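Please open the model in a viewer and keep the selection tool at hand.

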Amino acid sequence: MATRQAFRRLARRMLSNVPESTVYGGPRPQEAAGARRVTVTTLRGKHRRGEPITVVTAYDYPSAVHVDSAGIDVCLVGDSAAMVVHGHDTTLPISLDVMLEHCRAVARGASRPLLVGDLPFGCYESSSTQAVDSAVRVLKEGGMDAIKLEGGAPSRISAAKAIVEAGIAVMGHVGLTPQAISVLGGFRPQGKTVDSAIKVVETALALQEAGCFSVVLECVPAPVAAAATSALKIPTIGIGAGPFCSGQVLVYHDLLGMMQHPHHAKVTPKFCKQFGNVGSVINKALSDYKQEVETRSFPGPSHTPYKITATDVDGFASALQKMGLGEAADAAAAAAENSENEGKPSENS
């Protein structure tokens, strides 16, 4: 019975993109929370009804748990981990193997959202075969439901089509594509001229034709994003692209205001709204901890739960004396007496 239940849980994870109407039934409600798994079919339904789609990045188990608990539709394991987790100035250094570690951690923490893993720079550009092989690893080894790839060059369109034909859901990404900063000359917005704006729309249409279930529009003017959203039959996910997309995505650390550090200030985009000031809370907690340790007020009695009887303390001290550790024996006896006195009510109470 236990083996059968484990198999069913694995099947729900692996079949999360199977439409609900298939012969095998597709996803089932979660046993714990009773909420249904988000699938590509779920997103199509929201898009058809005009309901905004929420997307947030996550890179580890704790962030995934938070994203899951908040009811976010899509959890994106982005290659932005290179910048906000590993401290690089760009997304280029992160490898597929490192991304897979992040994917596995997120998959353990988020059971409800659709899980999308980024294909990092260097693992899909050489050929469609390389792209498919990398995408397969993201699903099989990373536990993701779908992959995201950047760009709209003919080779990228071919890669997206090949991955879809291999049975893997693909999210496209146009506009500012951080993996292409060498060509773009930095993190520069796109679609600000007629030719550039038309290219954004044409690329998005090409990705739709290749079989992508959604397209991210990054750092483009709102009218360009609105035009692309209107032209497409699949949902657009905006990031720095205005309010007219089918949904929005932000980086976990950015929206939480998690980091107060010169490096992060340098890489935090101007379009990001901070919905919290978690970084200040973290800094205060760490400072308070440091102060209490230095003043020896932590740990106090309530955080020293493990006890040893007076008889055992005496035996322990005697054994230490026989070992020639008289000072250690005195320290143990003094600590026991101090703990006993701290546990007693004061005379004035």
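Select Arg137, which is partly exposed, with a relative accessible area of 28%. The model on display is a predicted one. The structure as a whole holds ten salt bridges.

**The barrel**

Eight strands close into a barrel, in the order 1-2-3-4-5-6-7-8, and their pairing is parallel. Neighbouring strands of this sheet are turned against each other by 25 degrees on average, direction ignored. Strands of a sheet pair through backbone hydrogen bonds, in either a parallel or an antiparallel manner.

For one pairing in detail, select residues 146-148, which form strand 4, together with residues 169-175, which form strand 5. These two strands pair in the parallel sense over three bridges. Centre the view on Ala146; its bridge partner in strand 5 is Ala169.

Remain with strand 4 and select Lys148, then Asp118. Which side chains meet here in a salt bridge? They are those of Asp118 and Lys148, at 2.9 Å from N to O. The pair links distant parts of the chain, as Asp118 belongs to strand 3 (residues 114-118) and Lys148 to strand 4, 30 residues apart. Is Asp118 buried or exposed? Asp118 has a relative accessibility of 3% and so counts as buried, the limit being under 20%. Lys148 is also buried, with a relative accessible area of 3%.

Finally, select Arg37 and Asp145. These residues form a salt bridge in which the closest N and O atoms are 2.8 Å apart. Arg37 lies in the loop between helix 1 (2-14) and helix 2 (40-49), whereas Asp145 lies in the loop between helix 6 (128-140) and strand 4, so the pair ties together parts that are 108 residues apart in sequence. Both Arg37 and Asp145 are buried. Side chains of opposite charge can pair when their charged atoms come close.

How values were computed:
Residues numbered from 1 in each chain as written. Predicted model: local features only at pLDDT ≥ 70, side-chain atom pairs only at ≥ 80, totals over all residues. Heavy atoms only, no water. Pairing = 2+ DSSP bridges. Helix = DSSP H or I, 4+ residues; strand = E, 2+ residues; numbered from the N terminus. Axes fitted to C-alpha atoms, helices over the stretch in contact; angles between N-to-C directions. Salt bridge = Lys/Arg side-chain N within 4 Å of Asp/Glu carboxyl O. Buried < 20%, exposed > 50% of the residue type's maximum accessible area, 1.4 Å probe, protein only.
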